[in-house]
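Please examine the sequence and the model displayed below. The paragraphs that follow begin with a single residue and then proceed to helices, cores and pockets.

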Amino acid sequence: MGVLLAAGAGTRLGMPGGLMRAADGTPWVVTTVATLRAAGCGPIGVVVGAAAPDVVALLAGEDVTVVPSPDWSDGLSQSVKAGFAWAEQTDAATALFHMVDRPEVGPAVLKRVAAAAEPGPAALARAGFNGFAGYPVVIGRDHWSGAAAAATGDRSMGPYLKRVPCPLIACDDLLA
């Protein structure tokens, strides 16, 4: 399954990432859903918060579940927690978390990270770019509650992934 984090205000970007568009006008949220699907993810949940009605409108016709993050303004942790809460309602053994503001990350990156993780509920792997940990993250059900608990404020599941530890899969060569 895929979890797309698209709830933030996008202060770095100047607008919510869920509303950003490519030069050709295609919304990043639509492109990233297609990337998740091309990598084999399904079902896909899109976590929304800032500008939620507008982001949801961009997803019209997409086969996704909209996952509200009512406390999105409290930081990235709230979006991650909303994604895990939705994932818990499925029978999926693993989830692939990805960020809407990484349109340059294509299906090949997602596939490489997924292939590097052991299969099943103990799965764990994350993409690395220039030696730094990033998204996507493949995380098995065995880790969901610990990762959600470790996410606080504007910090994602990174503290948990460092403690476990989570393998970092180099993906620099695959960036678009």
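Arg112 is partly exposed, with a relative accessible area of 29%; this term applies between the two limits of buried, under 20% relative accessible area, and exposed, over 50%, as found with a 1.4 Å probe on protein chains only. The structure is a predicted model, in which local features need pLDDT of at least 70 and side-chain atom pairs count only at pLDDT 80 or more, while totals for chains, interfaces and linings use all residues. Residues are numbered from 1 along each chain as its sequence is written, and side-chain values use heavy atoms, with hydrogens and water left out.

Arg112 belongs to helix H4. Helices (H or I, at least four residues) and strands (E, at least two) are DSSP runs, numbered from the N terminus. Apart from residues up to four places away in sequence, Arg112 touches Ile169, Ala170, Cys171, Asp173 and Leu174, where contact means heavy atoms within 4.5 Å.

Helix H4 spans residues 107–116, and its residues Val109, Leu110 and Val113 are buried. These residues lie on the same side of H4, because they cover an arc of only 95° around the axis; the arc is that of the directions from the helix axis to the C-beta atoms. Among the elements that cover the buried residues of H4 are helix H1 (28–38), strand E4 (94–99), strand E5 (124–129), strand E6 (132–140) and strand E7 (168–170).

Attention may now turn to H1. Its buried residues are Trp28, Val29, Val30, Thr32, Val33, Thr35 and Leu36, and their cover includes E1, E2, H2, E4 and H4. Thr35, which is part of helix H1, is buried because its relative accessible area is 9%. With neighbours within four places in sequence set aside, Thr35 is in contact with Val105, Gly106, Pro107 and Leu110. H1 is followed by Gly40, which has a positive phi near 100°.

The loop between E1 and H1 holds Pro27. Pro27 counts as buried because its relative accessible area is 10%. Not counting residues up to four places away in sequence, Pro27 touches Met20, Arg21 and Leu58. Pro27 and Asp172 are 145 residues apart along the chain, and their C-alpha atoms are separated by 24 Å.

Which residues have the most contacts inside the largest nonpolar core? They are Val29, Val46, Val109 and Val113, in a core of 32 residues. A nonpolar core is a set of buried Ala, Val, Leu, Ile, Met, Phe, Trp, Tyr and Cys residues joined through side-chain atoms within 4.5 Å. Two or more residues of this core come from each of E1, H1, strand E2 (44–48), helix H2 (52–58), H4 and E5. H1 gives the largest share, five residues. Val46, leaving aside its neighbours within four places in sequence, is in contact with Leu4, Ala6, Val29, Val33, Leu59, Val64, Thr65, Val66 and Val67. There is also a second, separate core of 28 residues, which includes Val3, Ala82, Ile139 and Ala147.

Another buried residue is His143, as its relative accessibility is 11%. His143 lies in helix H5, which comprises residues 141–150. Beyond its neighbours within four places in sequence, His143 is in contact with Pro121, Ala122, Ala123, Leu124, Tyr160 and Val164.

Rolling a probe the size of a water molecule over the atoms shows where empty space is left. On a 1 Å grid over the protein atoms alone, a pocket is an open set of points where a 1.4 Å probe fits, with protein on both sides within 12 Å along at least five of seven lines; lining residues have an atom within 4 Å of a point. The largest pocket has a volume of about 770 Å³, a volume being the space filled by probe spheres set on the points, with grid points joined across faces, edges and corners. Its lining has 26 residues, and those closest to its centre are Arg12, Leu76, Met99, Asp101 and Asp154. E6 provides the largest share of this lining, three residues.

The second largest pocket has a volume of about 150 Å³. Of its 13 lining residues, Met1, Thr94, Leu96, Ala114 and Val138 are the closest to its centre. E4 gives the most to this lining, with three residues.
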